[in-house]
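Please examine the structure shown below. The questions that follow are to be answered step by step from it.

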Amino acid sequence: MDLAITDRASVERLQAELSKLPQYEPKTRNFFHGGMYCREVWRDAGVLVVGKVHKKEHFYLIVNGCVSVNGASPVHGPHLMLSEPGTKRAVLSLEPTLCMTFHRTDSKTVEEAENELVEHEPNSMYAVGNVPRQEVLS
């Protein structure tokens, strides 16, 4: 059954509800090379994560595993998605999953890349590097 969330406001409401629960810190690795930034994120089965709003277009690759993005029908890896500016995703891992994003940037650190590539969100559940923000979890 496809219960797709089609608007950003609905993802933000979901994020507000999720922030009331214990938070999951996904294993995340970051790579910089030749004007590109790759973020590799591992998620356990049953984990629902709401990401930040992206400012620029980029690739979103489900390498392996299975997820539902914004409540849509399950997507099995490998599967490449194209993300547009303003994208905010709620990703439910239906099985252990590896996802990667690929961005054009001259940044050399995760902090620089996030400042350039994602909107500042006071209510985001994650600080730089996918670390749960404790001040939001009250």
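Q: Does Tyr-37 count as buried or exposed?
A: A residue is buried under 20% relative accessible area, exposed over 50% and partly exposed in between (1.4 Å probe, protein chains only). The relative accessibility of Tyr-37 is 3%, so Tyr-37 counts as buried.

Q: What kind of model is this?
A: Residues are numbered from 1 along each chain as its sequence is written, and side-chain values use heavy atoms, with hydrogens and water left out. Local features need pLDDT of at least 70, side-chain atom pairs count only at pLDDT 80 or more, and totals for chains, interfaces and linings use all residues, in a model that is predicted.

Q: How are the rings of Phe-32 and Tyr-37 arranged?
A: Rings of Phe, Tyr and Trp (its six-membered ring) pair if their centres lie within 6.5 Å; planes under 30 degrees apart count as stacked, over 60 as edge-to-face and the rest as tilted. By this rule there is one aromatic pair. The ring centres of Phe-32 and Tyr-37 are 4.7 Å apart and their planes are at 15 degrees, so the pair is stacked.

Q: Which accessibility class does Phe-32 belong to?
A: The relative accessibility of Phe-32 is 27%. Phe-32 therefore counts as partly exposed.

Q: In what order do the five strands of the open sheet stand?
A: Helices (H or I, at least four residues) and strands (E, at least two) are DSSP runs, numbered from the N terminus. Two strands pair if DSSP finds at least two bridges between them. Strands of a sheet pair through backbone hydrogen bonds, either parallel or antiparallel. Here the pairing is antiparallel, and the order is β1-β2-β9-β4-β7.

Q: Which strands stand at the edges of the sheet of five strands?
A: A strand with a single partner strand has one side left without a neighbour in the sheet, and therefore stands at an edge. The strands in this position are β1 (27-33) and β7.

Q: Which residue of β9 is the bridge partner of Glu-40?
A: Strand β2 (residues 36-43) pairs with β9 in the antiparallel sense, over eight bridges. Strand β4 (residues 58-64) is joined to β9 by five bridges, again antiparallel. In β9, the bridge partner of Leu-61 is Met-100. The bridge partner of Glu-40 in β9 is Met-100.

Q: How many of the eight residues of strand β9 are buried?
A: Strand β9 comprises residues 97-104 and is largely enclosed by the rest of the structure. This is so because the number of its eight residues that are buried is six.

Q: At about what angle does helix α2 run to β2?
A: Axes are lines fitted to C-alpha atoms, for helices over the stretch in contact (heavy atoms within 4.5 Å). Angles run from 0 to 180 degrees between N-to-C directions. Helix α2 (residues 110-117) lies across β1, β2 and β9, and its angle to β2 is about 95 degrees.

Q: Which residue of β8 is the bridge partner of Val-49?
A: Four strands form an open antiparallel sheet in the order β3-β8-β5-β6. Strand β3 is joined to strand β8 (residues 90-93) by three bridges, and they run antiparallel. In β8, the bridge partner of Val-49 is Val-91.

Q: At what distance from the ring centre of Tyr-60 does Arg-89 lie?
A: A charge sits over a ring if NZ of Lys or CZ of Arg is within 6 Å of the ring centre and within 35 degrees of the ring normal. Arg-89 lies over the face of Tyr-60, at a distance from the ring centre of 3.8 Å.

Q: What is the phi of Asn-70 near?
A: Most residues other than glycine have a negative phi, and most peptide bonds are trans. Asn-70 is found in the loop between β5 (66-69) and β6, and at 14% relative accessible area it is buried. Asn-70 is a residue other than glycine with a positive phi, near 55 degrees.

Q: Which form does the peptide bond from Gly-77 to Pro-78 take?
A: Pro-78 lies in the loop between β6 and β7. With omega near 0 degrees, the bond from Gly-77 to Pro-78 is cis.
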